[in-house]
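I opened my notebook today to look through a structure piece by piece. Here it is, and my entries come after it.

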Amino acid sequence: MSTSGPSRASSGANINHLVLNVRDIEASHRFYTEVLGMEQCGDLTHTVTMRFYRGDRSRHHDLALVQVNDPEQAPPPDAPSMEPVRAGLNHFAISYPDRQSWLDQIRHMKTCGVEFVRRGNHGMTHSAYLYDPDGHGIEVVYDVPSEAWEGDVDAALNYFEFLELDDLDDSTDYQRFGEGIPEPVAIPGRVNTRQPSP
Ligand SMILES: [Fe+2]
């Protein structure tokens, strides 16, 4: 009987959940529940202070937070950068189900006083970038229709068009990659790029 396993890894892997170490779990709890709309669905009270969160009841959890032991001595995480100096998390993305829920969420975050650091048309998503209370980089997105990017996903991944931070105009005139890419719209003070971008 053969004891060798499959010669290839299984296909279909996806990110199941994310665990963040935080310096103030109460501040992070408020941010992920009140600002981002997740619900706490569990907590671990032995060994570490750890709480679990989800955006939808169809899932067991999307995110967990772990309180660091010595917040005063814990350095902040690296800021998202395309020129990173240390290994670790760059940023992660939280998606909302559709364009309208994303627009509603953007408005809610503005009401909450969230400061966005970047907003853009990323080809396969429309994205707004912000930080959580610890400085972890977060990208809040909705997926544009798959017809837009499935013709050339690499071209879509390399596309970034800066959009005004304070203007919630969100066009549904989605580019279709693989059929020739229109030039991104120039905005004074912003540099549009087709290089990989956060
Ligand atoms: Fe991203």
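**Entry 1: what I'm looking at.** The model is predicted, so I'm reading computed values here.

**Entry 2: the sheet.** I started with how the strands line up. I found an open sheet of four strands, in the order β1-β4-β3-β2, and the pairing is mixed. A reminder to myself: strands of a sheet pair through backbone hydrogen bonds, either parallel or antiparallel. Which strands sit at the edges? They are β1 (18–22) and β2 (39–44), and each of them pairs on one side only. From one strand to the next, the twist averages 25°.

**Entry 3: β2 and β3.** I zoomed in on one pair. β2 and β3 (residues 50–54) run antiparallel, and five bridges join them. Looking across from Gly42, I landed on Phe52 in β3.

**Entry 4: the helix on the sheet.** Next I checked what α1 (residues 25–35) touches. It packs on the sheet, with contacts to β1, β2, β3 and β4 (63–67). The direction of α1 makes about 165° with that of β4.

**Entry 5: the two sides of α1.** Which residues of α1 are buried? I noted Ile25, Ser28, Phe31 and Tyr32. They end up on the same side of α1 because they cover an arc of only 125° around the axis. I then asked what the buried residues of α1 pack against, and got β1, β3 and β4. After α1 comes Gly37, which has a positive phi, near 85°.

**Entry 6: β6 and β7.** I moved further along the chain. Strand β6 (residues 118–121) is joined to β7 by four bridges, and the two run antiparallel. Asn121 faces His126 in β7. The hairpin of β6 and β7 has three residues between the strands, and Gly123 takes a positive phi there, near 85°.

**Entry 7: β7 and β8.** β7 also has β8 (residues 137–143) as a partner: seven bridges, antiparallel again. For Leu130, the bridge partner in β8 is Ile138. These two strands form a hairpin as well, with five residues between them, and Gly135 in the turn has a positive phi of about 100°.

**Entry 8: is β7 open or enclosed?** Six of the seven residues of β7 (residues 125–131) are buried, so the strand is largely enclosed by the rest of the structure.

Terms used:
Residues are numbered from 1 along each chain as its sequence is written. This is a predicted model: local features need pLDDT of at least 70, side-chain atom pairs count only at pLDDT 80 or more; totals for chains, interfaces and linings use all residues. Two strands pair if DSSP finds at least two bridges between them. Axes are lines fitted to C-alpha atoms, for helices over the stretch in contact, and angles run from 0 to 180 degrees between N-to-C directions. Two residues are in contact if their C-beta atoms, placed from the backbone, lie within 7 Å. A residue is buried if 20 or more other C-beta atoms lie within 10 Å of its own, exposed if 12 or fewer, and partly exposed in between; C-beta atoms are placed from the backbone. The arc is that of the directions from the helix axis to the C-beta atoms.
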